[in-house]
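Me: Please take one part of this model and go through it closely, along with what surrounds it. A plain account is enough, with the cut-offs stated.

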Amino acid sequence: MEQNKDLDQFDIPLAKRTSLETPSSIFLKKLLILFTFLLLFFSLVALRMIRNVELKPLSNSNSEAERNDSNRILGHLPYEEISKDKLVLIEPNIEVHVDMRDSLLKMRDEAKKDGIYLVFLSGYRSINLQNEIFYSLKSIRNQDAAERARVSAPPGYSEHSTGFAIDIGDATRRETDFETEFENTDAFRWLTKNATKFHFKLSFNKNNKYINYEPWHWRYEGSIEALKVFEASNREL
Ligand SMILES: [Zn+2]
């Protein structure tokens, strides 16, 4: 009896042990599967991050250009319309961003001292006006949108709506207004040499693959706001 008792006592804990072991081993298995899964998941994440870090410097300039390309419409980047309180009238029918007024007028004065007479042809243009220009001229000239876009920006995509763009002519050669021929005027030659001093830059040079060469169209980059506006455009250069 004593022995049986002992055996019983011995058996009971044994049975208890087995019954306890089964759920814990299932739990352990689950834990192992979860751990393996997590390990795999984090390895994949880590691999991806490493690949991105490695690829980034190589493809950086390309992806920037692609992003800009996706924002473009017929080769033009989008530009918001300037708020009216930042516009100033510099002469009848010519309004510009207040940031560039002084520099623009100073540039014209300096040119005059050198015997060059700059004439301002077009400054700020509202998106509504750009809309009229783009669609009316397109039909007058019997051009489709893509052809027209080479010489005029679609509404919402013109530098003129920012107030930082100015079309300039030569007061002594008005027949060259808005013509490629303007590049052969004294005014253009003077601008090429001096405009940078006044923070003006030619927007559409001969290398632009989307938009025709516009020797008369200059933009101002002499304030932080202006630089922000043309950041995307400059990033491509
Ligand atoms: Zn222009």
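Reply: Among contacts in the protein chain between residues at least 6 apart in sequence, 65% join residues at least 24 apart. Two residues count as in contact if their C-beta atoms, placed from the backbone, lie within 7 Å. The model is predicted: local features need pLDDT of at least 70, side-chain atom pairs count only at pLDDT 80 or more, and totals for chains, interfaces and linings use all residues. Residues are numbered from 1 along each chain as its sequence is written.

The protein chain has 7 helices and 6 strands, where helices (H or I, at least four residues) and strands (E, at least two) are DSSP runs numbered from the N terminus. Read along the sequence, their pattern is α-β-β-α-β-α-α-β-α-β-β-α-α.

β6 belongs to an open sheet of 4 strands, ordered β3-β4-β6-β5, with antiparallel pairing. Two strands pair if DSSP finds at least two bridges between them. The edges are taken by β3 (118–122) and β5; each has a single partner strand, so one side of each is left without a neighbour in the sheet. Direction ignored, neighbouring strands of this sheet are turned by 45° against each other on average. Axes are lines fitted to C-alpha atoms, for helices over the stretch in contact, and angles run from 0 to 180 degrees between N-to-C directions.

On one side, β6 pairs with β5 in the antiparallel sense over 3 bridges. F200 has Y220 as its bridge partner in β6, and L202 has W218.

A residue is buried if 20 or more other C-beta atoms lie within 10 Å of its own, exposed if 12 or fewer, and partly exposed in between. Buried residues make up 24% of the 237 residues in the protein chain.

W218 deserves a separate look. Leaving aside neighbours within four places in sequence, W218 is in contact with I166, I168, L191, A195, F200, K201, L202 and S203. W218 is also among the residues with the most contacts inside the largest nonpolar core, which has 28 residues; the others are I166, I168 and A187. A nonpolar core is a set of buried Ala, Val, Leu, Ile, Met, Phe, Trp, Tyr and Cys residues joined through C-beta atoms within 7 Å. In soluble globular proteins, nonpolar side chains tend to be buried together.

α5 (186–194) lies across β3, β4 and β6, running at about 135° to β4. The loop between α5 and β5 contains T196, which counts as exposed because it has 12 C-beta neighbours inside 10 Å. T196 and M107 are 89 residues apart in sequence, yet their C-alpha atoms are 10.0 Å apart in space. F178, in the loop between β4 (165–170) and α5, has a positive phi of about 60° although it is not a glycine. With 15 other C-beta atoms within 10 Å, F178 is partly exposed.
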